[in-house]
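Here is a short tour of one protein model, written for someone who likes the cut-offs spelled out. Please have the viewer ready.

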Amino acid sequence: MAREARAFWVRSPGVGEIRPVTLPRPGPDEVLVRTSYSCVSRGSETLVFRGEVPQGSREVMRAPFQDGVFPCPVKYGYLNVGVVEAGPPALLGRTVFCLYPHQTAYVVPAAAVVVVPDDVPPARAVLAGTVETAVNAVWDAVPLLGDRITVVGAGMVGCCVARVLALFPGVAVELVDVDPERATVAAALGVGFAPPAAAARGRDLVVHASATSAGLALSLDLLATEGVVTELSWYGDREVHLPLGGPFHSGRLTLRGSQVGTLSPLRRAGRTFADRLGLALDLLRDPAFDALFTDESPFEELPGLLAALAAGSRPALAHRIVYGRE
């Protein structure tokens, strides 16, 4: 049983490095997991990489197994799939998902991992945390049968929300993004696509995930009377400018915030965080989610990769990280 591992750290704003880690011996209620895949959650992780987490939001932004503090040095991330090499007999050899940073192996409480269903490929299961965000967003948004729904922002979260909404009977879903290449992803997800200028109006519900003021303003503009925007974007320390002098009041529009750090109030009484994550893994039986993976890299390339993603010089939707045996 290996006791050594390697982890990706943000050493200073815009600078990453891989550090050695000595693993503790797992206790009776703990597991040792050897990582197979992780995934870069581009929005939050590039914000962390650039050192842009606002002072007042640093506790909210903490990942479950984060080491260090914002702005840096910090070990951050939360999309990890691996195989249990030591722990309770029921988990030995099982493929599991954990909200753990980018690290080749780690020891966590057994309760912190969720077994990946046998019919969900491990390489796809790494999206479980993002699909969990989509599940919570849909619980908050409360779509109804036959709704006309738009998702603004075709990043990882927006695409996952669009696919989950597409599973509702009679619902018409349109994905809106400034990047015309996202039309191919939308088609694979079974939803329509439009650039902002051609987006359909009169929508009952809009889910916003572009993390831009322009995207949020467009979301309100697309609504029908008494429509609702569910806001998923994380802006960091950027100010948001929103025109509210148009139909916001006369149209009785609603802007509702949603955040995965808490369970939706509409499901809080009857669901746990484990239930929500388990549902996300069940949904990942759907091969349509494979369309989100636009690139992958070996773990050793993470310092350069995060720098390129943060600078915008390397486009990506979901960027998967692949780990070799050590």
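## About the model

This is a predicted model, in which local features need pLDDT of at least 70 and side-chain atom pairs count only at pLDDT 80 or more, while totals for chains, interfaces and linings use all residues. Residues are numbered from 1 along each chain as its sequence is written, and side-chain values use heavy atoms, leaving out hydrogens and water.

## Nonpolar cores

A nonpolar core is a set of buried (under 20% relative accessible area, 1.4 Å probe, protein chains only) Ala, Val, Leu, Ile, Met, Phe, Trp, Tyr and Cys residues joined through side-chain atoms within 4.5 Å. The largest one has 73 residues, and Leu 127 and Val 131 touch the most other members. Another core, of 13 residues, lies apart from it and includes Ala 199 and Tyr 235.

## Helices α3 and α8

Helix α8 spans residues 273–283, and α3 packs against α8 at about 110°, with axes 8 Å apart. Axes are lines fitted to C-alpha atoms over the stretch in contact, and angles run from 0 to 180 degrees between N-to-C directions. The pair therefore counts as roughly perpendicular (65 to 115 degrees).

## Asn 136

Asn 136 is found in α3 and counts as buried because its relative accessibility is 1%. Its side chain makes a polar contact of 2.9 Å with that of Arg 276 (N or O atoms within 3.5 Å, one able to donate a hydrogen and the other to accept it; residues adjacent in sequence count only if both atoms are side-chain atoms).

How values were computed. Buried means under 20% relative accessible area, exposed over 50%, partly exposed in between (1.4 Å probe, protein chains only). Helices (H or I, at least four residues) and strands (E, at least two) are DSSP runs, numbered from the N terminus. Angles under 35 degrees count as roughly parallel, over 145 as roughly antiparallel, 65 to 115 as roughly perpendicular and the rest as oblique.
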